[in-house]
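Please work through each task before reading its solution.

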Amino acid sequence: MTIGFILNGEDVVIRSDADVRLIDILRGSFGLLGAKSGCLMGKCGVCSVIFNGNVSPACLIPAFRIRGSEIITIEGFSTTNEYQDIMTGFAQAGMENCGYCGAGKILTAEALLERINRPTREEILTGFGGIKCRCTDPDKLVEAIGITADIRQRRLYGRSA
Ligand code: FES
Ligand code: FES
C-alpha cells in the first residue's frame with residue numbers, strides 16, 4: 001500500500017505492507033536510527049517517537065495507522081529549543097547516558113514538561129514509567145527534570161518555574 005504522512009515536518013510517501021512496524025520503517029526506509037528496536041512489545045520505550053502529538057512506542061504502530069499522521073523522531077526534535085533545554089538540564093545534573101534509550105528519555109521529558117511546568121518527584125517517576133533505562137539513577141532523573149524545567153521557564157518567561 002502507498003502511505004503518505006508527515007515526518008519531521010516534511011511530507012513523505014512510502015510503499016509498505018500494512019503490518020510493517022513504524023520502527024522498522026523509520027530505521028529501514030529513512031535511516032533514522034535514533035529510536036531503537038528493543039522489546040518490540042511496547043514495554044521498554046527505546047523506540048519512542050511523537051505520533052500525532054503523543055509520545056508513543058513505534059514498535060506498536062503498524063504501517064496502516066500512519067497514513068495522514070504526523071511523526072516526529074528524535075532527529076526532528078533535536079532541532080528545537082526544547083531539545084536544547086533538555087540536553088542542558090541532563091548534562092547539568094550529570095545524568096549517565098549510554099544512549100540506548102535516549103530518544104525515549106528525551107521525548108518523555110518533553111511530553112512531561114509540556115503537560116506540567118514543574119512536575120513533582122512522583123509525577124516524574126510516573127511519567128518515566130514506560131522507559132526501562134539501565135543507566136539512570138532515579139534521583140538524577142528527578143534532578144535533571146527539575147533543572148530542565150527551570151531552564152525552560154527562564155527561556156520562555158525570564159524566570160524559574
Ligand atoms: S521496542 Fe518498542 S517499547 Fe520496546
Ligand atoms: S541511557 Fe542506557 S539504557 Fe537508558
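Two strands pair if DSSP finds at least two bridges between them; helices (H or I, at least four residues) and strands (E, at least two) are DSSP runs, numbered from the N terminus. This is a predicted model, in which local features need pLDDT of at least 70 and side-chain atom pairs count only at pLDDT 80 or more, while totals for chains, interfaces and linings use all residues. Residues are numbered from 1 along each chain as its sequence is written, chains are lettered from A and ligands numbered from 1 in the order in which they are written, and side-chain values use heavy atoms, with hydrogens and water left out.

**Exercise 1.** Determine in which order the five strands form the sheet.

*Solution.* The order is 2-1-5-3-4, in an open sheet with mixed pairing. Strand 2 and strand 4 (54-57) each have a single partner strand and stand at the edges, so one side of each lacks a neighbour in the sheet. On average, neighbouring strands are turned by 40° against each other, direction ignored (axes are lines fitted to C-alpha atoms, for helices over the stretch in contact, and angles run from 0 to 180 degrees between N-to-C directions). Strand 1 and strand 2 run antiparallel and are joined by six bridges. Thr-2 has Arg-15 of strand 2 opposite. Helix 4 (residues 102-115) packs on the sheet, where it touches strand 3, strand 4 and strand 5; contact means heavy atoms within 4.5 Å.

**Exercise 2.** Identify the buried residues of helix 1 (residues 22-29) and their packing partners.

*Solution.* Buried means under 20% relative accessible area, exposed over 50%, partly exposed in between (1.4 Å probe, protein chains only). By this criterion Leu-22, Ile-23, Ile-25 and Leu-26 are the buried residues. Seen down the helix axis, they fall within an arc of 165°, so they line one face of helix 1; the arc is that of the directions from the helix axis to the C-beta atoms. They pack against strand 1 (2-7), strand 2 (10-15), strand 3 (48-51) and strand 5 (70-72).

**Exercise 3.** Find the aromatic pairs and classify their geometry.

*Solution.* Rings of Phe, Tyr and Trp (its six-membered ring) pair if their centres lie within 6.5 Å; planes under 30 degrees apart count as stacked, over 60 as edge-to-face and the rest as tilted. The count comes to two pairs. Phe-5 and Phe-30 are edge-to-face, at 6.1 Å centre to centre and 85° between the planes. Phe-5 lies in strand 1 and Phe-30 in the loop between helix 1 and strand 3, so this pair ties together parts 25 residues apart in sequence. Phe-5 is buried, with a relative accessible area of 3%, whereas Phe-30 is partly exposed, at 27%. Phe-77 and Tyr-83 form an edge-to-face pair, with 6.1 Å centre to centre and 85° between the planes; both residues are buried.
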